Amino acid sequence: MQFEVWAPQAGRVTLHCDDVTHAMRHDPGRPGWWRGEAGAHDGTHYGFAVDDGPVLPDPRSRRQPEGPDGWSAVVDQERYEWRTADWPGRPLPGAVLYELHVGTYTPEGTLDAAAARLEHLVELGVTHVELMPLCPFPGRHGWGYEGVSLWAVHEPYGGPEALKRFVDRAHELGLGVVLDVVHNHLGPSGNYLPAFGPYFTETHHTPWGAAVNLDAPGSDEVRAYFVGSALAWLRDYRIDGLRLDAVHALKDTRACHFLEELSTAVDALAEGLGRPLFLIAESDLNDPRLITPRAKGGLGLHAQWNDDFHHTLHTVLTGESQGYYADFAHASLGGLAKTLTGGYFHDGTYSSFRGRCHGRPLDPTRVAAHRLLGYSQTHDQVGNRAQGDRLAASLSPGLLACAAALTLTAPFTPMLFMGEEWAAGTPWQFFTDHTDPELAEAVRRGRRREFAAHGWAEEDIPDPQEPATRDRSCLDWSEPGREPHARMLAWYRRLIALRHDQPDLFDPDLTDIRAAYDEDAHWFAFRRGDIRVVLNLGKESAAVPLGPRRAEVLAAWEPVEAPGPDGLLRLPGESCVVLAQS
């Protein structure tokens, strides 16, 4: 079997395969690459030593059976027999996504255990599962954003074979699979890339330190490394799309941005495979060029998370106004109307949190609404709170129903965070399992120091390293079968069914959205074609003028009658309704 590794600054590289050492030689056709041969098969352990240093895992390792610090293992990608070899793919337009963390979706915390719960998502009506990062990280439990070995699957989750079984089962059920990948940094423990080459550069810095090298000397191969990793997930594991973490932290001054190169490669792979593939960015830039097709001068990504929608909705529901919520809270229902009809709230407006103007206007005639993801909760917006409290911990069932109605009938591609569909009573907290005691203590102190600055007592901040913190974050699967959770689950199912059944609710035309509101009476309404969605966020009943057209109630959180001859909808406090007018 042939092995290869990029180590452009090395004077000598050796291959260690099942404790046998093999000399490697320069590849004459590829500068900086080394090649070697050894007898190997699926499961064979191996690693590379640079200039007689320690044996290190392969940067392109497909499996790390002993964790990030151990040797790599050969993976025969042809060994798995797919049951869904003819999977046609599932495109993003019309989708409903479900963000899922493998380690806490079930108490077992494995891909196989998660796969056994996928029928719940089919009954819910979602179309795609969005898996949080799966690359190896220290210990057993963590969020996944400190991963290394970007071509491998975390072994405690089940490793590469388990991911294939999960995807296979999802496809059998008609569910697409999206994977969250992190290209902007690698974790602080188990990252051996600098020993091989200039994967990082001091030219730019990020919150995690030196930036990934996308534009300095040696960056051609670094870019190829990340593009190759992305394509491997889509090709070898038959993933349907990737979520790209914090792309604003990808520092790249080259004429062809890394994201454009990546989107070009993914589109080419989709054409070759004959099934749709897509890229979803997390970005705080509010720059529509990110999701504008390359032919129209954009970077060609297919969608992005839209935090502005979350922030406007969150502040309206909770009244919170600290930090980056300040501008959204000040705008109140007007900000919600602006975001629903224009995509971004900050579209060149002044951001008090940043102390400058932020964003760029989105042209609704050029950007389809499905290219923006809308959500009321995510792993970030829940887990980065001091105690990982969900909206269900502080809002009434009626306001939770309003959040669901707005998210699932808005023009954006909706995304749910696991458990929100039944108003889960479990928190989702920040947890780690660092094996390095000094790093573990630094994370613990940093977390407590961060929230102490906002008035929290140290003893009230969960210890990330304490196993109970992860255990508290696991979903309680007894909840969906009892009240008040069962009623909320039925509400989500009804709303998702409406989204699939009503053409106006998956129309991607932002120019067709109309919104109205009354700040004093606390009601908000918007129109999508013949569909009217009305929310009463106040405690008292409200009379909302909808006009003389006949209306039919399609879904209501509390019993409500369609407007009479006066055109007024009388809606109970903290409730919502979806109507069709004719």
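Hi everyone, and a quick word on the ground rules. The model is predicted, so local features need pLDDT of at least 70 and side-chain atom pairs count only at pLDDT 80 or more, while totals for chains, interfaces and linings use all residues. Residues are numbered from 1 along each chain as its sequence is written, and side-chain values use heavy atoms, with hydrogens and water left out.

Let's begin with two helices, α7 (residues 307–318) and α8 (residues 326–342). Helices here are DSSP runs of H or I with at least four residues, strands are runs of E with at least two, and both are numbered from the N terminus. The axes of α7 and α8 lie 8 Å apart, at an angle of about 130°. Those axes are lines fitted to C-alpha atoms, for helices over the stretch in contact, and angles run from 0 to 180 degrees between N-to-C directions. The pair is therefore oblique; under 35 degrees counts as roughly parallel, over 145 as roughly antiparallel, 65 to 115 as roughly perpendicular, and the rest as oblique.

Who makes the contact, meaning heavy atoms within 4.5 Å? On the α7 side, the residues include Phe-309, Leu-313 and Val-316, and on the α8 side, Phe-328, Leu-333 and Leu-336 are among them. The contact residues divide into eight nonpolar, six polar and one charged. For that count, Ala, Val, Leu, Ile, Met, Phe, Trp, Tyr, Cys and Pro are nonpolar, Asp, Glu, Lys and Arg are charged, and the others, Gly among them, are polar.

Now to a second pair: α10 (residues 397–409) and α13 (residues 485–501) come within 10 Å and cross at roughly 20°. That makes α10 roughly parallel to α13. In this contact, residues of α10 including Leu-400, Ala-404 and Leu-408 meet residues of α13, among them Trp-491, Leu-495 and Arg-499.

Trp-491 comes back in the largest nonpolar core, which has 148 residues. Such a core is a set of buried Ala, Val, Leu, Ile, Met, Phe, Trp, Tyr and Cys residues joined through side-chain atoms within 4.5 Å. Buried means under 20% relative accessible area, exposed over 50%, and partly exposed in between, using a 1.4 Å probe and protein chains only. Which residues touch the most other members? They are Leu-121, Leu-131, Trp-233, Leu-242 and Trp-491. Another core, of 12 residues, lies apart from it, and Trp-523 and Val-560 are among its members. In soluble globular proteins, nonpolar side chains tend to be buried together.

Finally, the backbone. Most residues other than glycine have a negative phi, and most peptide bonds are trans. Asp-19 has a positive phi, near 70°, and is found in the loop between β2 (13–17) and β3 (20–23). Is Asp-19 buried or exposed? At 69% relative accessibility, Asp-19 counts as exposed. Ala-246 also has a positive phi, of about 35°, in the loop between β14 (241–244) and α6 (258–273), but Ala-246 is buried, at 7%.

One last stop: a cis peptide bond joins Glu-483 and Pro-484, with omega about 5°.

Note on methods:
Contact means heavy atoms within 4.5 Å.
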